[in-house]
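I opened the file to go through strands, helices, core and charged pairs in turn. Notes follow in the order in which I looked things up.

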Amino acid sequence: MRRHLTIAVACLAIGALSGVAADDRAGSGAGGWRGVAWPFPREGGPAGRAFRCDVASCGDEVEIYVRPKIGFCNCDRGVADDDEVDRVADLDLLSERFSPREPGRVVRVADMPGRMRSYDLVMSDRSRRAAVGIAVSRRCDLLVAVAQGTSEAPKVQRAAMAFLESPDLKRWMIAALDGR
């Protein structure tokens, strides 16, 4: 009996670890993107995911950071304006010195409505980067993404939006908002 219990526990552990590994790879390999370690301090909410795309695949080295923010959204309006994108899109994790390039626009990511806005960043080493902040909502929860690269903002936007629509990442985003 004890041997069967040991085997059952071992099988459960292996299954759980393989599920975590699969979750960590969500989106990796899609169009040249690969998962990298989350570089920011964890804040109490669900873990985020970080990815990098090389120059050959995206035309620039682009990094994107995606995470759910549970309970951060106006349940009635969703992400209603650019001020909300400025507040929630995690740009301040990249640099405290960011400025909008233009008014944002309405987007849909994984069938969730929201907004996207382009920014100029001044990094701590004084280098300049283009960034895009994306905030979409489902019920009272947000999913935010911030992408940055050294090329022009439209290239960073195109690369980020194409990656966010990849099937594996869409599945991860929905599961993250569902608490799985």
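**Ground rules.** I am working with a predicted model, in which local features need pLDDT of at least 70, side-chain atom pairs count only at pLDDT 80 or more, and totals for chains, interfaces and linings use all residues. I number residues from 1 along each chain as its sequence is written, and side-chain values use heavy atoms, with hydrogens and water left out.

**Strand pairing.** E2 and strand E3 (residues 62-69) pair in the antiparallel sense over five bridges; two strands pair if DSSP finds at least two bridges between them. Within this pairing I find Arg-49 opposite Val-66 in E3. I then looked at strand E1 (residues 33-36), which pairs with E2 in the antiparallel sense over four bridges. There, Trp-33 has Cys-53 of E2 as its bridge partner.

I checked burial next, with buried meaning under 20% relative accessible area, exposed over 50%, and partly exposed in between (1.4 Å probe, protein chains only). Strand E2 (residues 49-53) has four of its five residues buried, so the rest of the structure largely encloses it.

**Disulfide.** I searched the whole structure for disulfides (cysteine sulfur atoms within 2.5 Å) and got one. It joins Cys-53 and Cys-58, with the sulfur atoms 2.0 Å apart. The angle about the S-S bond is 90°, and the link is right-handed. I note both cysteines, Cys-53 and Cys-58, as buried.

**Helix H5.** I took the helix at residues 153-164 next: it has 12 residues and spans 16 Å from first to last C-alpha, close to the expected 16 Å. The expected span is 1.5 Å times one less than the number of residues. Its buried residues include Ala-153, Val-156, Ala-160 and Leu-164. Residues three or four places apart in an α-helix point the same way, because there are 3.6 residues a turn.

I picked out Ala-159, which sits in helix H5 and is buried at 11% relative accessible area. Leaving aside neighbours within four places in sequence, Ala-159 is in contact with Trp-33, Cys-58 and Val-62, contact being heavy atoms within 4.5 Å.

**Core.** Which residues have the most contacts inside the largest nonpolar core? This core has 31 residues, and the list is Trp-33, Ile-64, Val-66, Val-109, Ile-134, Leu-164 and Met-173. I count as a nonpolar core a set of buried Ala, Val, Leu, Ile, Met, Phe, Trp, Tyr and Cys residues joined through side-chain atoms within 4.5 Å. Elements that each supply at least two residues of this core include E2, E3, H5 and H6. H5 gives the most, with seven residues. I also noted a second, separate core of 18 residues, which includes Val-79, Ala-89, Tyr-119 and Ala-131.

Leu-169 belongs to helix H6 (residues 167-177) and is buried, at 0% relative accessibility. I get 9.6 Å between the C-alpha atoms of Leu-169 and Val-66, which are 103 residues apart along the chain.

**Salt bridges.** I count 12 salt bridges in the structure, each a side-chain nitrogen of Lys or Arg within 4 Å of a carboxyl oxygen of Asp or Glu. Lys-69 and Asp-90 form one of them, at 3.0 Å from N to O. This pair links distant parts of the chain, 21 residues apart: Lys-69 is in strand E3, and Asp-90 is in the loop between helix H3 (82-88) and helix H4 (91-94). Both Lys-69 and Asp-90 are buried.

I compared Asp-120 and Arg-101, whose side chains meet at 2.7 Å, N to O. Asp-120 lies in strand E6 and Arg-101 in the loop between strand E4 (98-100) and E5, so the bridge ties together parts 19 residues apart in sequence. Asp-120 is partly exposed at 30%, and Arg-101 is partly exposed at 43%. I also found one network, in which salt bridges with shared partners join Asp-82, Asp-86, Arg-115 and Arg-117.

Last, I checked Arg-52 and Glu-61, whose closest N and O atoms are 3.8 Å apart in a salt bridge. I list Arg-52 as partly exposed at 22% and Glu-61 as partly exposed at 41%.
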